Amino acid sequence: MTEGAARRTALAAQGFADPRPTAVPSRRHLLRVLSRVQLIQLDSVNVAVRAHYMPLFSRLGAYPAELVDDAAWSHSARKPRLLVEKWAHEASLIPVEDWPLLHTGKRAGWWRHYEKAVTRSPGLVQEILAAVKERGPIGAGALEREILGEGDKREKGTWWERSDVKHICEYLFGLGELTTGTRRSFERLYDLTERVVPAEVLGRQLPADECARQLVERSARALGIATEPELRDYYRLAPDANRQAVIDLVEAGVLEPVLVEGWNRKAYRHVDARTPRQIKGRALLCPFDPLIWERDRTERIFGFRYRIEIYVPEPKREYGYYVFPFLLDGELVARVDLKADRAAGLLRVQGAFAESGVDTARVLVELAGELRLMAGWLGLSGVAVGRKGNIASALGKLTK
């Protein structure tokens, strides 16, 4: 397979061969995107837009943000909950029916670091579960006041200095005994999992090897074509379990081993993956879009080196704090450092950079159009471009 064919296969798998809807996107369109990407990563950074809203905008264009909110954090007979929070790639929204595949209650996980809080306060687990049962959905701060009382003066600081209540809540979240009932200004409000996940889903138990096979199949469907480590990374599976699942899926005819020109590893193509003759359209991608999660894969497929620079000191940043790659007709052609200035009503482009060898004139026109679309979607009145970057000046003229 050629590099170009592999790139088009990967883009089609992620939904970038699908035309954006001409009507206002609905729950049906949300489901279509979910059938492509399989899960949506959560992240607390809100400098431009929270990460879980952006992948749908990238694929659908301007859509009502309540589509995600209703699917993830509300429930009614008319609109049943579609998504639930679970640790997958990272903290993620996954389809409710996938809960049994990722329920790792008896396996080791990051939450094991909080076992010392359980040991230190052995009665607190049951106190928290009882309080959540009575008061949930409820935040960790409210639980602290409920259990410890308003007069408690223990210090709260960084993540690693939070109180035992918060640590044990996260421990129970990792075990699957608590999940997110809803969110309030992005604060997680804990609830008993049995009140969020339907009983028929919660009671479904599958062997670990079957869970791994189903998760790798979803990874392959979302990626289209991928190496074994890339299939593993999508849900952060254990290496041995992932390798065996790949072997099993090859034997079952679900995965097809392929050689891609320029790739130094064997790749696997999902049997249902499409390879369009061309990819048309444009999209801004947030740093946590599943198309570009795996940075080495992004560089290999697109020839685009991308690193998030949030934790890089400002003087040492190459492109900016929160940089969105720009996808145009199947290529990553530019990047912009974005910030939503809600007080001024502006989407600020703090840096704008085109890749070498691209048609800069066309990139500028399409990028300006997508930035204006994003600003309107965020309820901002316009776009303001700063001075940093090789296309900043020209982009500023087009967005005035």
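Biologist: Which residues have the most contacts inside the largest nonpolar core?

Modeller: Leu284, Phe324, Leu338, Leu371 and Met374, in a core of 87 residues. A nonpolar core here is a set of buried Ala, Val, Leu, Ile, Met, Phe, Trp, Tyr and Cys residues joined through side-chain atoms within 4.5 Å. Buried is under 20% relative accessible area, exposed is over 50%, and partly exposed is in between, with a 1.4 Å probe and protein chains only. Keep in mind that this is a predicted model, where local features need pLDDT of at least 70 and side-chain atom pairs count only at pLDDT 80 or more, while totals for chains, interfaces and linings use all residues. Residues are numbered from 1 along each chain as its sequence is written, and side-chain values use heavy atoms, with hydrogens and water left out.

Biologist: Which helix gives the largest share of this core?

Modeller: Helix 15, with eight residues. Helices (H or I, at least four residues) and strands (E, at least two) are DSSP runs numbered from the N terminus.

Biologist: And what does methionine 374 touch?

Modeller: Val49, Met54, Phe57, Leu284, Phe324, Leu338 and Leu347, leaving out residues up to four places away in sequence. Contact means heavy atoms within 4.5 Å. There is also a second, separate core of 25 residues, with Trp111, Leu124, Ile138 and Ala142 among them.

Biologist: Switching to rings. How many aromatic pairs are there?

Modeller: Seven, from a search of the whole structure. One of them is tyrosine 63 with tryptophan 377, a tilted pair at 5.4 Å centre to centre and 35° between the planes. For the cut-offs: rings of Phe, Tyr and Trp (its six-membered ring) pair if their centres lie within 6.5 Å, and planes under 30 degrees apart count as stacked, over 60 as edge-to-face and the rest as tilted.

Biologist: Where do the two partners, tyrosine 63 and tryptophan 377, sit in the chain?

Modeller: They are 314 residues apart: tyrosine 63 is in the loop between helix 3 (54-60) and helix 4 (66-73), and tryptophan 377 is in helix 15 (residues 360-377). Tyrosine 63 counts as buried because its relative accessibility is 4%, and tryptophan 377 is buried too, at 15%.

Biologist: Which arginine lies over the face of phenylalanine 57?

Modeller: Arginine 20, at 5.9 Å from the ring centre. Elsewhere, arginine 300 has its charged end over the ring of tryptophan 263, 4.1 Å from the centre. The test is NZ of Lys or CZ of Arg within 6 Å of the ring centre and within 35 degrees of the ring normal.

Biologist: Arginine 300 again: what does glutamate 3 contact, leaving aside neighbours within four places?

Modeller: Val260, Glu261, Gly262 and Arg300. Glutamate 3 is in helix 1 and is partly exposed, at 38% relative accessibility. Its C-alpha is 9.2 Å from that of phenylalanine 302, which is 299 residues away in sequence.

Biologist: Why is helix 1 described as largely enclosed?

Modeller: Because nine of its eleven residues (helix 1 is residues 3-13) are buried. The cover includes helix 2 (27-37), helix 11 (208-223), strand 6 (225-227), helix 14 (295-302), strand 10 (323-328) and strand 11 (331-341). Just after helix 1, glycine 15 takes a positive phi of about 95°.

Biologist: Which non-glycine residues have a positive phi?

Modeller: Among them are serine 185, at about 50°, and phenylalanine 186, near 70°. Serine 185 lies in the loop between strand 4 (178-184) and strand 5, and phenylalanine 186 is in the loop between strand 4 and strand 5 as well. Serine 185 is exposed at 74%, whereas phenylalanine 186 is buried at 17%.

Biologist: What about the peptide bond from glycine 136 to proline 137: cis or trans?

Modeller: Cis, with omega near 0°. Proline 137 is in the loop between helix 7 (124-135) and helix 8 (140-148).

Biologist: Last one: how many helices and strands in the protein chain?

Modeller: 16 helices and 13 strands. Of the 400 residues, 56% count as buried.
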